[in-house]
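User: I am new to this structure. Please walk me through how its parts are arranged.

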Amino acid sequence: MSHTHVIGGGLAGLSAALALTEAGRAVTLYEASPACGGRCRSYFDQTLGCRIDNGNHLLLSGNHTAMAYLERLGTRQTLGGPASPVFPFMDLARGTRWVLRPSLGRIPIWLLRKARRVPGTSPLDYLALLRLGQARPTDTVANNLPDNALFRRFVAPLCIAALNTHPIKGSARLLGAVIDETLARGGAACIPLFPRHGLSESFIDPAVARLRDAGATVRTGAAITALPRDAGRVTSLIGSQGPIPLGPTDSVVLAVPPWSAAEMLPELTVPDEYQAILNLHFRIDADPGEAGFWGLVNATAEWVFVKPGVVSVTISAANRLVDRRAEDLAATVWPEVRRLLNLPPTLPPWRVVKEKRATFAATPAQNTRRPAAETPWQNLALAGDWTATGLPATIEGAIRSGLTAARVLGVAA
Ligand SMILES: Cc1cc2nc3c(=O)[nH]c(=O)nc-3n(C[C@H](O)[C@H](O)[C@H](O)COP(=O)(O)OP(=O)(O)OC[C@H]3O[C@@H](n4cnc5c(N)ncnc54)[C@H](O)[C@@H]3O)c2cc1C
């Protein structure tokens, strides 16, 4: 039987491995770290004395590939969130609060209700968002939209969260792709969702268990360091325990981050500019409110998630902050959080998690450096949120890329 070797146990690798295994292929997955999950993982934090995610991850109900992945694993119900599309915000400089409430249907009747829109905006302002997907490949978000209240209070926070890139630099096309698959399809496609227990519990551990049950081999702590090639094919994998020869019908999915892929395949053009994401976790109980999270405007903190016993803050596009001391970051962000949530002034136990290369910078220039899943080597396909998915680096893009890689290797995924 032909064997497919999947290198990388993040969402892209797991998605490819599941599709290949379900199609009857023999699969071995190699993950360099002690556990699968990559940039989407949960772990026990000694300082806080509880399990946390490496970073808050928000999905929208319109992320249909991610939803199908969870349905297949039987873990769709492990995502929680509000029952309807609600996005509460606070402007910390002005002290004002509002809730964006799209209506469920495709026709945006909610735009006619002032109380459901972003304050200071008119229904017509929102039409410009629908044109972002048709922007020129070189356009940024900021040079495609007027600098108005909608831009400052909604588009900028959305762009920084979805692209991990500031709108002055972020690709209009990539933000347009997100909007086309969510907001443009009506409120039913933009209900916010996040894991109730943890990222690993929803996305990772059940996938590894499913693979093992189906007969696939999942090897953790197993880095692959080189891919020798000859006559248009990968001929073996070089692992820490020596070479793993490939048979004539064997194939490979390379699902590692771009910098690892470029080390193994120096001929490949890959994104080479990254943006950090910071997460600050505070060990304290708070009222989750209607949605379980808030967006902040005019603050250092950008998104605040209230989970059982922990309040977690996300700051994206954070290269400007990533080298600041953790103590300074906690001291800057805690007063904002306590104002938002009406909490006491004393700083509770905290932890700062810095993901320095959280995603590639989703600029027009970096977007052109994303390779397709097909490669010049006939038995090798690429996967990862950084490949040419047409989406920014997200869970949806990563899972979709794994399915595309499986299709390139002949599996109907
Ligand atoms: C802090 C943070 C917040 C985020 N928030 C969101 C969000 O709110 N919503 C959203 O949709 N997305 C979010 N994302 C993005 C999302 O996590 C990623 O897009 C997704 O997890 C990427 O999956 P991947 O499989 O492409 O890559 P990775 O997760 O990086 O997986 C690659 C795997 O390959 C392994 N590997 C590397 N080198 C080797 C080697 N030589 N041999 C074997 N294995 C190797 C790595 O250890 C890793 O496990 C966030 C990311 C971060 C970091």
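This is a predicted model: local features need pLDDT of at least 70, side-chain atom pairs count only at pLDDT 80 or more; totals for chains, interfaces and linings use all residues.

User: How are helix 1 and helix 6 oriented to each other?

Analyst: Helix 1 covers residues 11-22 and helix 6 covers residues 199-213. Their axes come within 10 Å and cross at roughly 30 degrees. Angles under 35 degrees count as roughly parallel. Helix 1 and helix 6 are therefore roughly parallel.

User: Is the crossing of helix 1 and helix 6 left-handed or right-handed?

Analyst: The contact joins Leu-11, Leu-14, Ala-17, Leu-18 and Thr-21 of helix 1 to Phe-203, Ile-204, Ala-207, Arg-210 and Leu-211 of helix 6. By class, this contact has eight nonpolar, one polar and one charged residues. The crossing of these two helices is left-handed.

User: How are helix 1 and helix 10 oriented to each other?

Analyst: The axes of helix 1 and helix 10 are 7 Å apart. The angle between these helices is about 40 degrees. Helix 1 passes helix 10 in a right-handed crossing. From that angle, helix 1 and helix 10 are therefore oblique.

User: How many nonpolar residues are in the contact of helix 1 with helix 10?

Analyst: Helix 1 brings Leu-11, Ala-12, Gly-13, Leu-14, Ser-15, Ala-16, Ala-19 and Leu-20. Helix 10 meets them with Ile-395, Ala-398, Ile-399, Ser-401, Gly-402, Leu-403, Ala-405 and Ala-406. Of the residues in this contact, no charged ones are found, four are polar and the nonpolar ones number 12.

User: How are helix 4 and helix 5 oriented to each other?

Analyst: Helix 4 spans residues 149-163, and helix 5 spans residues 172-181. Their axes are 10 Å apart, at an angle of about 95 degrees. Angles of 65 to 115 degrees count as roughly perpendicular. Helix 4 and helix 5 are therefore roughly perpendicular.

User: How many nonpolar residues are in the contact of helix 4 with helix 5?

Analyst: Cys-159, Ala-162 and Leu-163 come from helix 4. They meet Leu-174, Leu-175 and Val-178 of helix 5. This contact has no polar and no charged residues, and its nonpolar count is six.

User: What separates the centres of domain 1 and domain 2?

Analyst: The domain assignment gives domain 1 as 3-41 + 199-272 + 364-408, and domain 2 as 102-189. Six residues of domain 1 are in contact with 11 residues of domain 2. The domain 1 side of this contact holds four nonpolar, two polar and no charged residues. Taken over C-alpha atoms, the separation of the centres is 33 Å.

User: Which residues are closest to the ligand?

Analyst: The ligand is surrounded by 37 residues. Elements giving two or more of them include helix 1, strand 2 and helix 10. By class, the shell has 18 nonpolar, 14 polar and five charged residues. The closest are Gly-8, Gly-10, Gly-38, Gly-55 and Thr-394.

Conventions
Residues are numbered from 1 along each chain as its sequence is written. Domain bounds come from an automatic or database domain assignment. Two residues are in contact if their C-beta atoms, placed from the backbone, lie within 7 Å. Ala, Val, Leu, Ile, Met, Phe, Trp, Tyr, Cys and Pro count as nonpolar, Asp, Glu, Lys and Arg as charged, and the others, Gly among them, as polar. Axes are lines fitted to C-alpha atoms, for helices over the stretch in contact, and angles run from 0 to 180 degrees between N-to-C directions. Helices (H or I, at least four residues) and strands (E, at least two) are DSSP runs, numbered from the N terminus. Angles under 35 degrees count as roughly parallel, over 145 as roughly antiparallel, 65 to 115 as roughly perpendicular and the rest as oblique. A crossing is left-handed if the near helix is turned anticlockwise from the far one by less than a right angle, and right-handed if clockwise. A residue is near a molecule or strand if its C-beta atom, placed from the backbone, lies within 6 Å of it.
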